[in-house]
Each structure stands twice: as structure tokens, then as C-alpha cells.
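The sequence and structure come first.

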Amino acid sequence: MGDYIGGGQEYLYTVPPDEISAQSDGHTFTASITGYNGDWWYVDMQAPDGQQLVPGTYTDATRYPFNGAGPGLSIFGNGRGCNQSIGTFTVLDAVYGPSGYVQTFDATFEQHCEGATQALRGEIRIDNPPPPPALAVTFKIASKGTVSRVTGNATITGTVTCNEAVNVNLDGSLTQRASRTLLVSGSGSQQVSCSTTPTTWTMTIAPNSSAPFNPAKAAATITASGYDPNYGVGVSSTAQATVRLTR
């Protein structure tokens, strides 16, 4: 007679044909297992508060995420889970990448559900290639721009470069002091196809009031944002520059 979660059975999952996904922030490790036969399992391990999940043995681990300041452990699936549990897990290897990427992770575990003497024992091993680089967006704002005599709109330019091909949104603002009491400002946006080769961008900014931009210095702020396809997160950076507007 085995423990409630495993039911006394042995399970083995490998990729392929099964699917295993994992992520970690360095403190908590989570994994989901989808068996080719329809099985599904979740594995959670957490280091004590203020500690990284590094190689070592973690004892008296209670059910994650209700483990308080101590280590946490939770293995459940196929419709079965614990209300309360205690266990031990040993991390043998752990190498993490950016944005939750798990390069390698190897841990054994023993979980006792509802205070039972029977235990669920097992091992989870992740072996992924080195993490791809995170998306990096760099851009420049040209020191010279133009202003239209007719509309009072300002046009600023620059370049943007990415370490891989993505679409980048540029959101900009321009502020110019026309007098001691008058501040002229406006905003604009532009989408650019970004690559490893610097791409020129051009943004026209209309003033927010009837007062036009004038041939003089103006303060430009540009935020470039893109979506990292490898890690599924947004990346942004902001730069400021003084731009001299001319006719």
C-alpha cells in the first residue's frame, strides 16, 4: 500500500514523448509534467525565506505555498493532493538563467501526506541548453531635429538596435520652454522593425497647445519597449537628450 498521492505506483516521464516545463526565480522551483498517457503532475520546491534554492538538503519542508518562513514542498496531480504535508528534498544541481529559465535542476524528494508514514519518493531532473540572451534594446536620439514653420510640429530622429529581430514601440515626449511662463510640450509614438543593424526612426511631435515649437533647444525623452520572444516578457529602456530644433 503506497501513499495517497502516488497510490503505490511507479511513474517515469521523459521528453519526448512527455512534456515537462519548469521555471525558477532562484528561490522557488516549479515544474509541470504532462504525460503522453494523460497523466499530469506539479512539483514545487522553495528555499526558506531569504535564501536561494541551491544544492543542499532541505528538511521539515511543509506544503507549498503555505510553508511560512521554512522550506516548502508540494507534489500533486492526477486529481490528488495533500491538505497538509511534510517532507524533505535534496537539490543536487541547480543552474538558473534570466526570466525564470531553468538550465539544469536535479532534486530528489520525499513527501508525507496528511501525516501518513507512507511516503512519495522521486526525482526530477531538468537539462536544458544554455539560456538564450535576453532581449537588449539600445537606441540613440539625434542631437538635431526640425520644426515646421507652418504647423509648429517638431520632428526628431535617431537609431535603434536590438540583439534579435523584433518590433519595438517608441514613445516620446518633447518639452521646450518658450518663455519664463510658457512651456510647450507634446508626445508621439512610432513602431520600428528592429534588428542587429541600427535602424533609423523618425517621430513627429505635435504641441499639446496652440503654442508651437520653435527653433531652439528642447528636452526629449524616449522609451523603447519590445517583447522578448524567448522569455515571454516585456523589455523597455528610456533615454533623455537635448535636441536643437531648426527650420
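## Basis and backbone geometry

D60 is exposed, because its relative accessibility is 56% (buried means under 20% relative accessible area, exposed over 50%, partly exposed in between, with a 1.4 Å probe and protein chains only). The model is a predicted one: local features need pLDDT of at least 70, side-chain atom pairs count only at pLDDT 80 or more, and totals for chains, interfaces and linings use all residues. Residues are numbered from 1 along each chain as its sequence is written, and side-chain values use heavy atoms, with hydrogens and water left out.

D60 is not a glycine, yet has a positive phi of about 55°. The residue lies in strand β4 (helices, H or I of at least four residues, and strands, E of at least two, are DSSP runs numbered from the N terminus). S99, also a residue other than glycine, has a positive phi near 55°. S99 sits in the loop between β6 and β7 and is partly exposed, with a relative accessible area of 46%.

Cis peptide bonds occur before two prolines. One joins P16 and P17, with omega about 10°; P17 belongs to the segment before β1. The other runs from Y64 to P65, with omega near 10°, and P65 is in the loop between β4 (56-63) and β5.

## Aromatic pairs

A pair of aromatic rings is described by the distance of the centres and the angle of the planes. The whole structure contains 7 aromatic pairs (rings of Phe, Tyr and Trp, the last by its six-membered ring, pair if their centres lie within 6.5 Å; planes under 30 degrees apart count as stacked, over 60 as edge-to-face and the rest as tilted). Y42 and F76 are stacked, because their ring centres are 5.3 Å apart and their planes are at 25°. Y42 is in strand β3 and F76 in strand β5 (residues 72-77), so this pair ties together parts 34 residues apart in sequence. Y42 is partly exposed at 37% relative accessibility, and F76 is partly exposed at 27%.

Y101 and Y231 form an edge-to-face pair, with 6.1 Å from centre to centre and 90° between the planes. The pair links distant parts of the chain, 130 residues apart: Y101 is in the loop between β6 (85-96) and β7 (102-113), and Y231 is in the loop between β15 and β16. Y101 is buried at 17% relative accessibility, and Y231 is buried with a relative accessible area of 12%. One aromatic cluster is formed by Y11, Y13 and W41.

## Nonpolar cores

Which residues touch the most other members of the largest nonpolar core? They are I156, L174, W201 and L245, in a core of 27 residues (a nonpolar core is a set of buried Ala, Val, Leu, Ile, Met, Phe, Trp, Tyr and Cys residues joined through side-chain atoms within 4.5 Å). At least two residues of this core come from each of β9 (137-141), β11 (154-162), β12 (166-177), β13 (183-194), β14 (199-207), β15 (217-228) and β16 (233-246). Leaving aside residues up to four places away in sequence, L174 touches A154, I156, V184, S185, G186, I205, F213, A218, A219, A220 and L245 (contact means heavy atoms within 4.5 Å). Apart from this core lies another, of 26 residues, which includes I33, I75, V91 and I124.

Q103, in strand β7, is buried at 19% relative accessibility. With residues up to four places away in sequence not counted, Q103 touches V95, Y96, I126, D127, N128, P129, P130 and P131.

## The largest pocket

The largest pocket has a volume of about 830 Å³. On a 1 Å grid over the protein atoms alone, a pocket is an open set of points where a 1.4 Å probe fits, with protein on both sides within 12 Å along at least five of seven lines; lining residues have an atom within 4 Å of a point. Grid points are joined across faces, edges and corners, and a volume is the space filled by probe spheres set on the points.

The largest pocket is lined by 29 residues, of which Y11, Y13, I33, E123 and I124 are the closest to its centre. Two or more lining residues come from each of β1 (19-24), β3 (40-46) and β8 (120-127), and β8 gives the largest share, 8 residues. By class, the lining has 15 nonpolar, 8 polar and 6 charged residues (Ala, Val, Leu, Ile, Met, Phe, Trp, Tyr, Cys and Pro count as nonpolar, Asp, Glu, Lys and Arg as charged, and the others, Gly among them, as polar).
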